[in-house]
Amino acid sequence: MTLQASVRSYVGIAKETTKGTAVPATDFIPVAKDSLKPVDVIDPLYDQGLRGSNVMNYNYIPGRKRSTFDFGGAVFADTIGYALAGIMGDVATVGASAPYTHTISLKNSLTSSTDTQPISYTLTDFYAVNVRQFPGCQFSDFSLKFNADGMLEFDTKTTGWSSATTSDPTPSFSTVLPTPVWRGTVSIGGSSVSNAMEGNIALKRAVTPIYGISNTQDPYQVFRSEEHTSE
């Protein structure tokens, strides 16, 4: 295997029609190198049957699988909506052509038969020597951070099905620039405040992989609980 520079990596994303069924990336998100942490998690099972030897574990057997996919970086206005919509769940779009107006809110319904689970995504990790797709990803954490001297930044985390290799996508990044914090304004109770220096807005939702007995290591559902908001 040839050595490749990590800065050649990139992240792709796409909405899924069926949760857990991988789809090719339809958009690409610029992320910070040190924030990118795609991981396949395999729960260990140990064979500890006594066999007359002075050991505890005789065999390791792979157990249930899932993935976690963390990423973050500067906020780009045309891609930050994926993480926001991924954790909130409901998106209303107005407009016949660009610029559109997107209203993102908590997906909720009092109708018993309505599914209030947010949409799932396939995340694509190109890491120079190969490409892996992480299907069924559900966003669990989203943090928006701002400092008066820097860029508007975000961090986010997902949980989903285990990954599989795929063919190289053709990335296409927009010309939209990241957002500097100085472009923003702050108001409290309707009054403008000019001396705000830094802050953080965090949205969190518990994500639980649910496993059945169906001849697969992957979950049959990745379930999202209620939203918790902290600031």
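Q: What is the relative accessible area of Lys145, a partly exposed residue?
A: The model is predicted: local features need pLDDT of at least 70, side-chain atom pairs count only at pLDDT 80 or more, and totals for chains, interfaces and linings use all residues. Residues are numbered from 1 along each chain as its sequence is written, and side-chain values use heavy atoms, leaving out hydrogens and water. Buried means under 20% relative accessible area, exposed over 50% and partly exposed in between, with a 1.4 Å probe and protein chains only. Lys145 belongs to the partly exposed class because its relative accessible area is 31%.

Q: Which residue forms a salt bridge with Lys145?
A: A salt bridge requires a side-chain nitrogen of Lys or Arg within 4 Å of a carboxyl oxygen of Asp or Glu. For Lys145 the closest N and O atoms of the pair are 2.6 Å apart.

Q: How many bridges join S8 and S9?
A: Strands are DSSP runs (E, at least two residues), numbered from the N terminus, and two of them pair if DSSP finds at least two bridges between them. S8 and S9 form a hairpin with 5 residues between them, and the bridge partner of Lys145 in S9 is Glu153. The antiparallel pairing of S8 and S9 has a bridge count of 7.

Q: Which residue in S9 stands opposite Asp70?
A: S9 also pairs with strand S4 (residues 59-74), in the antiparallel sense and over 8 bridges. Opposite Asp70, the residue in S9 is Lys157.

Q: Which residue does Lys204 meet in a salt bridge?
A: The closest N and O atoms of this pair are 3.1 Å apart. The pair links distant parts of the chain, strand S13 (residues 198-210) and strand S8 (residues 131-147), 63 residues apart. Lys204 counts as partly exposed because its relative accessibility is 41%. Its partner, buried at a relative accessible area of 18%, is Asp141.

Q: Is Ser143 buried or exposed, and with which side chain does the side chain of Ser143 make a polar contact?
A: Ser143 lies in strand S8 and counts as buried because its relative accessibility is 15%. Contact means heavy atoms within 4.5 Å; leaving aside neighbours within four places in sequence, Ser143 has contacts including Glu153, Phe154, Asp155 and Ile201. A polar contact is a pair of N or O atoms within 3.5 Å; within protein, one must be able to donate a hydrogen and the other to accept it, and residues adjacent in sequence count only if both atoms are side-chain atoms. At 2.6 Å, the side chain that makes a polar contact with that of Ser143 belongs to Asn200.

Q: How many salt bridges does a search of the whole structure find?
A: Side chains of opposite charge can pair when their charged atoms come close. One such case is Lys33 with Asp34, at 3.2 Å from N to O; Asp34 is exposed because its relative accessible area is 65%. For the whole structure, the number of salt bridges found is 5.

Q: What percentage of the 231 residues in the protein is buried?
A: The protein contains 1 helix and 14 strands, the helix class being DSSP runs (H or I) of at least four residues. Its C-alpha atoms fill a box of roughly 75 × 55 × 40 Å along the principal axes. The buried share of the 231 residues is 32%.
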